[in-house]
Amino acid sequence: MKIISNPNATPTKHIPLRTCVACRQIKAKRELIRLVHAADGKIEVDDSGKKAGRGAYLCREWECWQTGLKENRLEHTLRGNITREDREKLVNYARDLIKGVN
Ligand SMILES: [Zn+2]
């Protein structure tokens, strides 16, 4: 199959941008991890990016997760309390995630 490359056929597509709550860098939404304050009060990772509830975004950087959790940036942005249990889940998620990247 012949791939026709026409630069005019690919206009700059709108890329949704979001801000990391820790480092405040603006990145493409898909490069960030969404966390959601779900209806049941839990604060969890939203893998689908489509869960209902107030959302916050973090980079795939350990530092950002630490800052987000330690300085209560997530709680502030999500307007909720992260329980010890949820916090542990988030930390574990971040560890796995960042291990996977490197
Ligand atoms: Zn960040």
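The model is a predicted one, in which local features need pLDDT of at least 70, side-chain atom pairs count only at pLDDT 80 or more, and totals for chains, interfaces and linings use all residues. Residue numbers start from 1 along each chain as its sequence is written.

To begin with the overall layout, the chain holds three helices and five strands. Both kinds of element are DSSP runs numbered from the N terminus, with H or I and at least four residues for helices, and E and at least two for strands. Read from the N terminus, the order is β-β-β-β-β-α-α-α. Of the 102 residues in the chain, 21% are buried. Burial is a matter of counting C-beta atoms, placed from the backbone: a residue with 20 or more others within 10 Å of its own is buried, one with 12 or fewer is exposed, and anything in between is partly exposed. As for contacts (C-beta atoms, again placed from the backbone, within 7 Å), 50% of those in the chain with a separation of 6 or more join residues 24 or more positions apart.

Next comes the sheet. It is an open one of three strands, ordered E4-E3-E5 with antiparallel pairing. E4 and E5 are the edge strands, and each has a single partner, so one side of each lacks a neighbour in the sheet. From one strand to the next the twist averages 35°, with axes fitted as lines to C-alpha atoms (for helices, over the stretch in contact) and angles taken between N-to-C directions from 0 to 180 degrees. Pairing here takes at least two DSSP bridges between two strands. E3 (residues 33-37) has four of its five residues buried, so to speak mostly under cover. Its antiparallel pairing with E5 (residues 54-58) rests on five bridges, and Arg34 sits opposite Tyr57 of that strand. Towards E4 (residues 43-46), E3 makes four bridges, also in the antiparallel sense. Here Leu35 faces Val45, while His37 stands opposite Ile43. E3 and E4 make up a hairpin with five residues between them, and Gly41 in the turn has a positive phi of about 95°.

Asp46 belongs to E4. This residue counts as partly exposed because it has 18 C-beta neighbours inside 10 Å. Setting aside neighbours within four places in sequence, Asp46 is in contact with Arg34, Leu35, Val36, Lys51 and Gly55. Between Asp46 and Tyr57, 11 residues apart in sequence, the C-alpha to C-alpha distance is 9.8 Å.

What about the core? The largest nonpolar core has 19 residues, and Cys20, Val21, Leu35, Tyr57, Leu58 and Leu74 touch the most other members. Such a core is a set of buried Ala, Val, Leu, Ile, Met, Phe, Trp, Tyr and Cys residues joined through C-beta atoms within 7 Å. Two or more residues each come from E3, E5, helix H1 (62-70), helix H2 (73-78) and helix H3 (84-101). With neighbours within four places in sequence left out, the contacts of Leu74 are Val21, Leu35, Ile43, Ala56, Gly68, Leu69 and Ile82.

Turning to the helices, H1 has Cys64, Trp65 and Gly68 as its buried residues. Viewed down the axis of H1, these fall within an arc of 100°, so they line one face of the helix; the arc is that of the directions from the helix axis to the C-beta atoms. On the face of H1 turned away from the buried side are the exposed residues Glu63 and Lys70.

Asn72 follows H1 and lies in the loop between H1 and H2. Its phi is positive, at about 60°, although Asn72 is not a glycine. Asn72 is exposed, as 12 other C-beta atoms lie within 10 Å. Arg79, in the loop between H2 and H3, is another residue other than glycine with a positive phi, near 55°. Having 10 C-beta neighbours inside 10 Å, Arg79 is classed as exposed.

Notes
Contact = placed C-beta atoms within 7 Å.
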